[in-house]
Structures are given as C-alpha cells and as structure tokens.
Amino acid sequence: MTGIDHVTQATYLAAAVLFIFSLRWLSTPKTARRGVMAGVLGMTAAIIGTVLHPDIVSFKWIVVALVVGTVAGIPLAMVPLTAVPQRTALSHAFGGLAAGLVGTAKYMLWLQDGALTPFRTVAIVVEVLLGYLTFTGSLMAAGKLQEVLPTRPITYRNQNLLNFALLAVAIVSGLYLVARPETWQLFPVVVVLSLAFGVLLILPIGGADMPTVISLLNSYAGLSAVAMGFVLENKLLITAGALDGSSGFILSVIMCKAMNRSFTNVLFGAFGQAATAQAAAEARAVKSATARDVADLLENASSVAVVPGYGMAVAQAQHRVRELYDQLARRGIDCKFAIHPVAGRMPGHMNVLLAEAEVPYTALSEMDDINPDMPQVDVVIVVGANDVVNPAARHDTASPIFGMPIINADRAKTVIAIKRTMNPGFAGIENELYYADNCLMAFGDAKAVLGDIVKALSVEGGIH
C-alpha cells in the first residue's frame with residue numbers, strides 16, 4: 001500500500017466511527033446537533049478519502065456532480081417543514097437511483113472487459129433490484145405525501161399476486177444472469193421489473209402508513225448502498241449502508257409496533273380502503289367553541305395536554321403552540337405535549353416542529369407515558385391530529401385502524417379539537433372523538449385559532 005492508500009483507509013475508518021457516533025447522538029435531543037455535525041464530518045472525510053485514492057485520475061465528473069448536487073440540494077434544503085417528509089422521500093429516491101446507475105454502469109463495463117464473476121454479478125443484481133425499486137417507490141411516496149397522487153390505497157384484483165410474480169421474474173432473471181453473466185438481454189428485464197415493482201409496491205399503501213413506508217424505503221436505500229459497496233469494493237460504503245439499512249429497518253419495526261401492525265399488513269394490507277364507505281356516513285351534529293370559550297376552560301384548568309398533528313404543520317402553528325405553552329406556564333398550569341409515534345408524515349415529525357418553536361423537550365411525553373394520566377387531564381387540545389386520537393381504533397372491528405394504539409384524548413375531562421373542517425384525516429376515516437359529549441370543535445386555521453386563544457388568555461386572566 002502507498003502512503004495515499006494509508007491516508008484513504010484512515011479517513012474511511014474515521015468516517016465510519018463518525019457515522020456510528022452520529023446515529024448514537026441523534027437518538028437523544030440533547031446531543032442531536034452533535035450527531036448532525038458528526039454525520040457531516042463523516043461524509044466529508046469519506047469524500048476526501050475517496051478523491052485522494054490513486055485509482056481516480058480525473059476530477060472532471062466529480063466536480064460536475066458536486067456542482068449539480070449543490071444546485072439541486074440547496075433548494076431542497078429550503079423547503080418548509082411541512083414538506084420535509086416528501087423531501088426525505090426524494091432523498092431516498094436519489095440514493096436508490098445512484099445505486100441503480102452505478103450497478104448498471106459496472107455491469108456494462110465488466111461485461112465489455114469480460115470481468116464479470118458470479119460474485120460481482122450477484123452484487124450488481126441486488127444493487128440494481130433494491131436501487132431501482134427504491135427510486136420509483138420513493139417517488140410514489142413523495143407524490144402521495146405531496147398529494148399529486150391519490151393518498152388513498154389504489155387496489156385491484158390479484159394485485160399482490162401480480163406484484164410477487166413481477167418480483168419473482170426479476171429474481172429468476174437475476175439468478176440466470178449470475179449463472180451466465182454474458183446474457184446481457186436479461187439485464188434490462190431486471191431493471192424494468194425493479195422500476196415497475198417500486199411503483200406497484202406503493203400504490204396500495206394508504207396515507208396513514210407513509211411514516212412507516214418512508215423508514216422502510218430508507219432501509220432499502222441503505223441495503224442498496226451495501227450492495228454498491230461490494231460492487232465498488234469500498235468498505236466504507238458497506239459500513240455506511242449497513243448502518244443506514246439496519247437503522248431504517250429497526251425504526252420501521254418500532255413504528256409498526258406503534259400501530260399494532262405487521263410489515264405484511266403495511267405493505268400489502270391496503271390500509272385505509274374503507275374510507276369510501278365511511279365518507280358516505282350521515283353527518284352528525286358537533287358542539288363548537290370560540291377562542292374565548294377555550295380560554296375560559298384553560299383558565300380554570302390545572303392540567304392541559306396538547307396533541308399535535310399534521311394540521312399543526314400545515315398551518316405552521318407550532319410557534320402559536322409555544323406561546324400557548326408559555327401563557328399556561330405563567331399561570332402555573334401543567335402543560336404536556338402528547339406525541340404519537342406516527343403523528344404527521346414522517347418519523348419524529350412533531351418533535352422536529354416543536355423543537356423549531358423551542359418547546360422544552362421535557363414537556364414532550366410519549367403516548368405510552370401520558371395515556372395513563374389522561375383521565376386526570378382537565379383539557380386536551382388536539383391541534384390538527386385526526387387518526388391518532390380516533391377512539392374507533394379501540395372498539396370498531398370494521399375500522400381500518402382497529403387495533404392501532406392511540407392517544408386516549410377522549411378520556412380527558414374536556415377535549416378541544418382544532419380543525420378547519422369536518423373532513424377526515426389522511427387515512428380518510430371519520431373520527432368518533434369529534435361527536436363525543438366532552439368534545440368541543442374550534443373551527444378554523446390552527447395558527448389563527450391558537451393566536452386568538454393566546455390573546456384571550458393575555459387579557460386579564462383570560463376573562464372579561
């Protein structure tokens with residue numbers, strides 16, 4: 001090994017260590033910023049170590065890629081927090097596309113040079129399969145999250161059978177390529193079937209499952225990076241991909257557990273397909289409340305719980321929520337935030353929004369921690385959440401969300417639900433909570449409604 005080789009391996013080792021510490025620090029809010037910086041430094045070290053490698057003789061395409069990536073990356077980084085889930089899905093799509101393109105290029109080069117071995121072909125086939133299905137699957141997820149595609153599950157007869165048949169053909173074609181790498185005619189078949197499978201895999205998945213789907217696609221992208229590492233004979237890619245793939249898979253397991261559902265049910269269960277029948281249900285009466293009514297209730301409360309949801313993100317109401325928290329704290333009223341694991345459109349969505357508004361992390365409570373205390377809570381304010389507080393999950397066996405753990409907001413003494421309209425949530429399911437005797441509806445934009453409540457509380461004790 002030359003001196004440059006030693007430097008390259010040293011930077012790769014440093015990058016791998018930084019990636020591990022990054023994941024560790026990102027698991028706790030107190031060290032999350034440190035985790036982000038560790039990840040950035042790790043990737044910087046990986047790039048430096050790669051460009052120093054003696055096998056690289058031209059920087060032309062590296063510079064082009066850096067320029068294109070920077071030009072595309074800056075606007076993507078500037079999206080509002082409401083668009084972070086779909087931006088994350090796009091990031092997974094780019095990662096999958098990169099893996100697929102690298103695998104395609106390597107297959108063509110090695111085929112031309114006669115250097116295709118069975119091991120190399122296996123790595124390429126796995127890389128291409130996972131890379132391209134991650135690419136199209138992530139694009140479909142981003143489209144559903146952005147609502148340019150229908151958020152409801154799109155199903156048809158024998159859908160799962162067709163999906164498995166396509167995947168089986170792709171795998172068999174890949175195995176034949178391993179046995180006879182020179183049979184290049186089958187390679188486009190693997191590519192096209194992988195792209196098609198990514199589309200068909202996401203079509204039957206409803207909006208409420210998108211957080212789990214995003215973390216699962218993250219896992220696929222990581223595994224495709226592992227395969228790419230074997231193709232490129234790059235140990236750091238293997239390590240980083242394994243970390244990415246395993247962490248995404250673990251997160252998916254945690255989220256499936258939070259919804260009391262299995263992977264097979266998420267991927268093939270068409271969650272939310274009962275929405276059409278429920279949407280046709282006869283309208284029922286609800287009780288509404290003004291900002292002054294809510295302020296009066298809060299003035300006389302000793303404990304309050306806020307349940308944030310995607311509606312809070314859409315309205316950009318997190319700063320108003322923080323103002324409400326400050327008003328309650330000044331009065332000595334205990335205020336907690338009840339966080340459901342799958343609230344919003346991506347893992348940790350509500351935590352990110354509340355952190356942006358500088359809500360103290362100590363005020364956040366996980367679902368399992370706060371549910372036992374709900375009967376003692378005087379007022380629960382549901383800000384744009386829908387499916388994660390729907391009591392139907394506990395008793396309605398016909399509901400698509402039956403069995404999913406929810407935040408037991410209905411068991412509090414009083415519930416204030418802030419919504420624009422009575423339209424169902426992302427899963428398309430009518431919420432029984434809004435018709436409960438202890439629930440009041442505060443209709444309007446969450447940011448405006450919360451602002452009015454804060455103003456009402458600011459006026460001499462909140463009452464005239």
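Here are some numbered notes on this predicted model, going from the whole chain down to single residues.

1. Let's start with the overall picture. The protein chain has 18 helices and six strands. Its radius of gyration is 25 Å, close to the 23 Å that the globule rule gives for 464 residues, so the chain is as compact as a globular protein of that length. Along the principal axes, the C-alpha trace spans about 85 × 55 × 35 Å.

2. Of the 464 residues, 48% count as buried. The accessible surface of the chain comes to about 21600 Å², and carbon and sulfur atoms account for 65% of that area. If you take the contacts between residues at least 6 apart in sequence, 78% of them join residues at least 24 apart.

3. Next, the interior. In soluble globular proteins, nonpolar side chains tend to be buried together. Here the largest nonpolar core has 81 residues, and the residues with the most contacts inside it are Leu298, Val304, Leu324, Phe337, Ile381 and Ile418. Helix α5 (residues 118-146) supplies the largest share of this core, with 12 residues. Another core, of 23 residues, lies apart from it; Met367, Ile370, Ala385 and Ala412 are among its members.

4. Neighbours within four places in sequence aside, Ile381 is in contact with Leu298, Val304, Ala305, Val306, Val307, Leu324, Ile416 and Ile418. Of these partners, Leu298, Val304, Leu324 and Ile418 are also listed with Ile381 among the residues with the most contacts inside the largest core.

5. Ile416 leads us on to the strands. Strand β5 (residues 414-419) and β6 run parallel, and five bridges join them. In this pairing, Ile416 stands opposite Leu440 in β6. Strand β6 (residues 439-443) is largely enclosed by the rest of the structure, because four of its five residues are buried.

6. Arg331 deserves a close look. Arg331 sits in the loop between α14 (318-330) and β2 (334-339) and is partly exposed, with a relative accessible area of 29%. Which partners does the side chain of Arg331 reach? One is the side chain of Glu299, with a polar contact at 2.5 Å; another is the backbone oxygen of Leu457, at 2.2 Å.

7. Asp387 belongs to another loop, the one between β4 (379-383) and α17 (392-395). Is Asp387 buried or exposed? Its relative accessibility is 10%, under the 20% cut-off, so Asp387 counts as buried. The side chain of Asp387 makes a polar contact with the side chain of Asn386, at 3.1 Å.

8. Asn158, in the loop between α5 and α6 (159-179), has a phi near 60 degrees, a positive value in a residue other than glycine. Glu358 is not a glycine either, and has a positive phi of about 60 degrees. Glu358 is placed in the loop between α15 (349-356) and β3 (364-366). With a relative accessibility of 61%, over the 50% cut-off, Glu358 counts as exposed.

Technical notes. Residues are numbered from 1 along each chain as its sequence is written. This is a predicted model: local features need pLDDT of at least 70, side-chain atom pairs count only at pLDDT 80 or more; totals for chains, interfaces and linings use all residues. Side-chain values use heavy atoms; hydrogens and water are left out. A nonpolar core is a set of buried Ala, Val, Leu, Ile, Met, Phe, Trp, Tyr and Cys residues joined through side-chain atoms within 4.5 Å. Buried means under 20% relative accessible area, exposed over 50%, partly exposed in between (1.4 Å probe, protein chains only). Helices (H or I, at least four residues) and strands (E, at least two) are DSSP runs, numbered from the N terminus. Contact means heavy atoms within 4.5 Å. Two strands pair if DSSP finds at least two bridges between them. A polar contact is a pair of N or O atoms within 3.5 Å; within protein, one must be able to donate a hydrogen and the other to accept it, and residues adjacent in sequence count only if both atoms are side-chain atoms. The radius of gyration is taken over C-alpha atoms; the globule rule is 2.2 Å times the number of residues to the power 0.38. Accessible areas come from the Shrake-Rupley method with a 1.4 Å probe; for residues, only the protein chains shown count as cover.
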